[in-house]
Amino acid sequence: MTHAIRIHQTGGPEVLRWEQIDVPAPAAGEATVRHHAVGLNFIDTCRRTGLYPRSLPSGIGLEGAGVVTAVGEGVSEVIVGDRVAYAGGPPGAYAEVRNIPAHRLLKLPEAIAFETAAAMMLQGLTAAYLLRRTYRVQPGDAVLIHAAAGGVGLIACQWAKALGATVIG
């Protein structure tokens, strides 16, 4: 048996429950990840309080990092023993072990600690979306980052500077 944080009702931190859960073998396209670290994001609080409604009971948490312990049929993205990180649904990262779609997993280089990976995935993907997809920042561009001291802001400022932009925080 393994454990996970689950919510059965919305509310403050007191609604979080550490429960035993059964994690089945991974289905086709899934991998089982044993977490070494998970990320805590504001969206998790919004789901816990009910601001973003979910069916209950529910898991919580959208990003984590750990080691692949099993793979389902058809999985080619990762193998057992790979160090991985992920961000995005389905919720349930606040767990010791979980199954997740293998296409969501990124192989984690040895130089990046599990704690760092779990804390930066959602923020890094958000920064990538803003700097490379919403508008492709080029050398000489001026970029205003309103929340330069936050997780997304810190990554976005460093990345925009590396791209040759003038960064205003």
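Two strands pair if DSSP finds at least two bridges between them. Helices (H or I, at least four residues) and strands (E, at least two) are DSSP runs, numbered from the N terminus. This is a predicted model: local features need pLDDT of at least 70, side-chain atom pairs count only at pLDDT 80 or more, and totals for chains, interfaces and linings use all residues. Residues are numbered from 1 along each chain as its sequence is written, and side-chain values use heavy atoms, with hydrogens and water left out.

**View 1. The whole chain.**
The chain holds three helices and 10 strands. From the N terminus on, its elements run β-β-β-α-β-β-β-β-β-α-β-α-β. The C-alpha trace spans about 55 × 40 × 25 Å along its principal axes. Of the 169 residues, 41% count as buried. Buried means under 20% relative accessible area, exposed over 50%, and partly exposed in between (1.4 Å probe, protein chains only). The chain exposes about 9300 Å², and carbon and sulfur atoms supply 58% of that area. Accessible areas come from the Shrake-Rupley method with a 1.4 Å probe; for residues, only the protein chains shown count as cover. Contact means heavy atoms within 4.5 Å. Among contacts with a separation of 6 or more, 67% come from residues 24 or more positions apart.

**View 2. The open sheet β2-β1-β4.**
Three strands form this open sheet, in the order β2-β1-β4, with antiparallel pairing. Its edge strands are β2 (16-21) and β4 (58-59), and each pairs on one side only. Six bridges link β1 (residues 2-7) to β2 in the antiparallel sense. Strands of a sheet pair through backbone hydrogen bonds, either parallel or antiparallel.

β3 and β7 pair in the antiparallel sense, over five bridges. Here R34 has V97 of β7 as its bridge partner. Strand β7 (residues 97-101) is mostly covered: four of its five residues are buried. T32 lies in strand β3. T32 counts as buried because its relative accessibility is 6%. Leaving aside residues up to four places away in sequence, T32 touches P26, V67, V68, T69, A70, V97, R98 and N99.

β6 is mostly covered: five of its five residues are buried. R83, A85 and A87 lie on one side, V84 and Y86 on the other, and both faces are covered. In a regular strand the side chains alternate between the two faces of the sheet. Strand β5 (residues 63-71) runs antiparallel to β6, and five bridges join them. A65 has A85 as its bridge partner in β6. Strand β8 (residues 106-107) also runs antiparallel to β6, joined by two bridges. V84 stands opposite K107 in β8.

**View 3. The largest nonpolar core.**
A nonpolar core is a set of buried Ala, Val, Leu, Ile, Met, Phe, Trp, Tyr and Cys residues joined through side-chain atoms within 4.5 Å. The largest one has 11 residues: A31, V33, V68, V75, V78, V84, Y86, A93, I100, A102 and L105. β3 (30-38) and β6 (83-87) each supply at least two residues of this core. V78 touches A31, V68, V71, V84, L105 and K107, not counting residues up to four places away in sequence.

**View 4. G81 in the loop between β5 and β6.**
G81 is found in the loop between β5 and β6. Its relative accessibility is 46%, so G81 counts as partly exposed. G81 and G66 are 15 residues apart in sequence, and 9.5 Å separate them in space, C-alpha to C-alpha. G81 touches V67 and V68, again not counting residues up to four places away in sequence.

Helix α3 (residues 151-162) has 12 residues and reaches 17 Å from its first C-alpha to its last, close to the 16 Å expected at 1.5 Å a residue. The expected span is 1.5 Å times one less than the number of residues. Its buried residues are G153, A156, C157 and A160. They cover an arc of only 100° around the axis, which puts them on the same side of α3. The arc is that of the directions from the helix axis to the C-beta atoms. On the other side of α3, Q158 and A162 are exposed. The buried residues of α3 pack against α2 (114-134) and β10 (166-168). G164 follows α3, with a positive phi near 95°.
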